[in-house]
Amino acid sequence: MNMLAGEEASIELVQRWLQRRDSDDTDTGSSSGSPGARAGRRSSLALTPEDEPLVDVANRSPPPAHIPNAMLYTPPEPLELLCVFPERASRVCAAACSAVARAGGEARSVRSARDALDALRRDSEAKLPHVIVVDARQPQTLDAPLLARAIRGTKNTQHIILIAIVKKSAYLKDDFVVLPYLDAGFNRVMVETLSATAWCAEVLQCRAAGASARAQVAAVAALAAAVDRCRDLVAVTDDQQRILLANKSWCRVLGWRGDEGPRPLSETAGGEAMRQASSGARDWEAPVTLRRRAAPDPILLPCRGAAIGLTKSTSHIVFVCEQTHAVETERGRGSLHSIRRGSLDVRSVASDGLRRTSLAKLQGLPLEAPITKVISLLSAATEGAPPSTVACIERAVDMLRTSELYSPQMRDDPKMRVEDPVATDLIGALLSREQVNSNLFFMQGPTNTLSSRRSSNDSTVVRSQTNRTNIKHKTTGQLRELLDTALSWDFEIFRLEDMTRGRPLAHLGLALMGGRFDICAALECDERTLLHWLTIIETNYHSGNTYHNSTHAADVLQAVAYFLEKDRLKSVLEPLEAAAALLAAAAHDVDHPGTSSAFLCNARHPLAVLYNDVSVLESHHAALTFKITLNDNRVNIFKNLDRDTYKQVRHNVIDMILATEMTKHFEHLAKFVNVFYAKSSGSKEDNMHTDEPLALDTTALSLPENVILVKRMMIKCADVSNASRPQKFAFEWARRIAEEYFLQTDEEKAKDLPVVMPMFDRATCSIPRSQIGFIDYIIIDMMEAWAAFIDMPELVNHARSNHARWRELDEAGVSTLADVWRALGHSSIHGQLQAAQPTAEE
Ligand SMILES: Nc1ncnc2c1ncn2[C@@H]1O[C@@H]2COP(=O)(O)O[C@H]2[C@H]1O
């Protein structure tokens, strides 16, 4: 059934596409005949706007009616071709290159996706190729769709024509062979050919198509810039009367943001504008009422309107409102940080006349929840209020009605998408709650617990895990000296990993929990039980994971211990709460498989089924921690606690482990900021929205529910503190997490699962960009809030200096892991450390 539905959808898609092309032909008076006839005439499917004969046709097709001809002029330029063919002496590649030479252009060829991307990133804009031909005949050697996605994700490549070369046999076998290539960003698919004539025709058409598309987009951009610089308020709607473009004056006067998606005209413009807009009149003049978002009273402005359309029907309506009488209401806008703004700016649906009635009804209901009272109060405030106030309150009520008040949606930010696909990939994967992919996949051989997904051999950080239960309690010499520095921010965690032969958690745990913090006293257990607990927890970390292994657990534990030493936390947290925080840190990723929750959901892993695809990994870490602990009296550190105290510790540990889930990142951050950074100028929300320094207000610490926010924030910051460590540590952690992401991508491809982070492919991924994105969007805001709270400015300073170093590397063209380590002058920091350090046994 599914398959039939899928096939029908594909057929419909193709039919729609063919119909669209037919109607395009009719519009321009072309007589190219039926789709079949056209397909038969060409060596490849024509997927670009032009479908012209094989001559130099740049600028020949009629320009769109509303872009002046002069703006569409493009001087002819020699064709630049880039071929990506893995085979050393590919004859197809040679045919393409010689055709380009005959047409007066220049051709280059590279043999790998990485070299292709390097060429694009290195070249100045003027030298970017017009056409890139990618050999898609051997997917095992070159993943053409992946390369196309990476190219499309690179700056200024929208106008490059991408051609995929496929085998004749594949082309003839499958009616829909082109679709996956089109989806990936190719413009055309061409059957392998050695014919110089076919190649010549192809490249000339491509140049024409590319030149025309470039000219049109550039002309539109120039017109938009002109409109932006105009003092009058200008807006353009589509035929559905949704505002698609609003110039700077419009935004400033009416309190709009520049980057809003389409908004209904009715939200802003009053009756006369709407009446004129729907009348279909070509040109009109009338006074219109415009509502301002930040001011109670609307303004009345003289307006000129025009209906635009290439054919008889209207496609756009232009409004130009004279600024002369407008009262400007400059809203404090500051330089907004995109994620902050996104984090609280949950847009409401358009208001309607019925809302007042429903608010009135709500007041009468016998509901007691605080949110209901708030909504009732707000609805009471609308009585007799001016329309603009009512509209504001109604929007606020809409927001309050959503069940997930603190959950931001990752906005579809085109700037970020185009400019930084790696960051989009990473942040999207970390924050997205949409974990299940619709692709079908049946797991082979289900297991009950997380299976160790790879053998220790395929990891670059392989640790021997033998003899784990035989951990030495007494530490001497160099190890002791190292552990004595366990409460410094530049603690040598990788040295500890080496000296303990991959058992840092038990050693560090004993030193910090048993020694400095003496949690045995709070838990009323002996040190031996604690040691057993640490050992078994460490055993349940996967040593084959490059990142999520017990060294990461030890690192997070060390960060939490460091934070707990800060005065603010010492004064707020009870010894039992501190103990719970240390335990949670040590166990927060236990049995992590090295793949994300999204992966487990897509793979229909038993744990994803068990936890209904919700917080899969974090639920498992928390549950397993207690299962392991309660299972055996020798490790049960809680065995002497009375029922209530046990309940309290258990609640604390679970809450903190669950708080490490990144899909709830902004929820936790927003709550923390709203509670502890409130009372400077303006509202709490305004505080999140500007770059003004936040004013810390710790009076809220008297409420237990706010102390929970502190504990969550503490473990969250510790969990990703690697980016706020001194550079040598931060870079090694970046290497480890990237390696783990790459392995997940490899596994997804091997098992034909959806690829959660397609940009994390070891051949093409830019490590500096992923880290810049991670610091920009996840780290900086959170560390700023936490650093001010515990008075630890170095958290932000390290993050900023790491960011600056990654930026330097990015600007120097450094991209892949290998590039990074080469640029830093060694094969791996950790490799150096390993060579230099003696082990615990020594
Ligand atoms: N330096 C980093 N670069 C990119 N992602 C990271 C980095 N450090 C941590 N993360 C991600 O942040 C996530 C925090 O929760 P997890 O430990 O489950 O998984 C972690 C990684 O996916």
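Ala, Val, Leu, Ile, Met, Phe, Trp, Tyr, Cys and Pro are counted here as nonpolar, Asp, Glu, Lys and Arg as charged, and the others, Gly among them, as polar. On that basis, the shell around the ligand in this predicted model comprises 9 nonpolar, 4 polar and 2 charged residues. Of these 15 residues around the ligand, the ones that come nearest are Val 720, Ala 723, Ala 734, Ile 737 and Phe 774. Three helices, α16 (421-431), α32 (727-750) and α33, each contribute at least two residues to the shell.

The largest nonpolar core contains 121 residues, and Leu 557, Val 560, Ala 581 and Leu 582 have the most contacts inside it. Helix α33, spanning residues 767-790, gives the most to this core, with 13 residues. Apart from this core lies another, of 49 residues, which includes Ala 107, Leu 142, Ile 161 and Val 189.

Leu 557 illustrates the packing in the 121-residue core. When its neighbours within four places in sequence are left aside, Leu 557 is in contact with Leu 508, Gly 509, Leu 512, Leu 582, Ala 585 and Ala 586. Leu 582, one of these partners, is itself among the residues with the most contacts inside the core.

The confidence values remain to be considered. The protein chain has a mean pLDDT of 77, with 74% of its residues at 70 or more. Over residues 681-690, pLDDT stays under 50, and the model has 18 contacts beyond four places in sequence for this stretch. Residues 831-842 likewise stay under 50, with 17 such contacts. For the complex, the predictor gives an ipTM of 0.99 and a pTM of 0.54.

How values were computed: Residues numbered from 1 in each chain as written. Predicted model: local features only at pLDDT ≥ 70, side-chain atom pairs only at ≥ 80, totals over all residues. Core = buried A, V, L, I, M, F, W, Y, C linked by C-beta atoms within 7 Å. Buried ≥ 20, exposed ≤ 12 C-beta atoms within 10 Å, placed from the backbone. Helix = DSSP H or I, 4+ residues; strand = E, 2+ residues; numbered from the N terminus. Contact = placed C-beta atoms within 7 Å. pLDDT = per-residue confidence, 0-100. Near = placed C-beta within 6 Å.
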